[in-house]
Amino acid sequence: MAYDSSDEDEDYEIEVVEEYIGDYGSIRSIVREALPFELMATIGGVISGLILSGMSNELELIPGLIVITPAVLGMRGNISCTLGSRLGSAIHMGLITKIDRNPELVNNVSGSLLLSLMMSAILGIVGHLITTGLGLQSAGAFTLTLIAVLAGVSSGIILSFVAVLLALGMFRFGFDPDNVVTPAIATIGDIVSMIMLFMAAKVVLMI
């Protein structure tokens, strides 16, 4: 009876896969990789609050800005974190291996930026309507929409670039992008969005 080495190789490959999956899904692995970035996310939230506290002058001069501020942060986090998750999944499946004109990478980033533009425009209009509907003073639909679009799109471009670098970089260093990219983007996103919102308000006041 001839010896078939293919069966032994197949058994070895199965053992390696099972060992990898076991470590990938272990509590230790999840906590070890995610905890530092979750702590960073908490600190990032505090920093965002500090930036907001420094915008008191802009908040007074642009009625309604305070209404759209939480929405800008939430929108940016939702879109950018979703991008990070999709990139992580694509990298695990081998669809994205480097920064190039890969259709999967281009489509994900382009879709994220288009959503940023669309949702920012909607946010400005809805923010104005809700503000006036509650009997509060508003700087106007155009002003709030302009601020939301400037802040949303500019922060979206920055965070798309960061998400791609983080997802590919973490994977190459042996980290699971799904554990790392989302909390990291949430942290960076809050800070970047607040800075872009502050700068957008400054630009509008200068016009």
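This note comments on a predicted model of a protein, point by point.

1. Basis of the model. Residues are numbered from 1 along each chain as its sequence is written. Because the model is predicted, local features need pLDDT of at least 70 and side-chain atom pairs count only at pLDDT 80 or more, while totals for chains, interfaces and linings use all residues; side-chain values use heavy atoms, with hydrogens and water left out.

2. Confidence. The mean pLDDT (the predictor's confidence in each residue, from 0 to 100) is 80, and 84% of the residues reach 70 or more. Helix α5 has the highest confidence, at a mean of 92, and helix α1 (residues 5-24) the lowest, at 50. Over residues 16-21 the pLDDT falls below 50, and this stretch has one contact in the model beyond near neighbours in sequence. A contact means heavy atoms within 4.5 Å.

3. Overall architecture. The protein holds seven helices and zero strands. Both are DSSP runs, numbered from the N terminus: helices are H or I with at least four residues, strands E with at least two. Of the contacts with a separation of 6 or more, 78% join residues 24 or more positions apart.

4. Burial and surface. Of the 207 residues, 39% count as buried, where buried means under 20% relative accessible area, exposed over 50%, and partly exposed in between (1.4 Å probe, protein chains only). The protein exposes about 11700 Å², of which carbon and sulfur atoms supply 69%. These areas come from the Shrake-Rupley method with a 1.4 Å probe; for residues, only the protein chains shown count as cover.

5. The salt bridge. The structure holds one salt bridge, defined as a side-chain nitrogen of Lys or Arg within 4 Å of a carboxyl oxygen of Asp or Glu. The side chains of Glu58 and Lys202 form this pair, at 3.0 Å from N to O. Glu58 lies in helix α3 (residues 56-61) and Lys202 in helix α7 (residues 177-206), so the pair ties together parts that are 144 residues apart in sequence. Glu58 is buried, at 2% relative accessibility, whereas Lys202 is partly exposed, at 36%.

6. A nonpolar patch. Leu115, Met119, Ile122, Val126, Ile130, Leu134 and Leu136 make a nonpolar surface patch of about 630 Å². Patches are made of residues with over 30% relative accessible area and no salt bridge: like charges are joined within 9 Å, nonpolar side chains (Val, Leu, Ile, Met, Phe, Trp, Tyr) within 5 Å. Leu134 sits in the loop between α5 (103-133) and α6 (141-172) and is exposed, with a relative accessible area of 63%.
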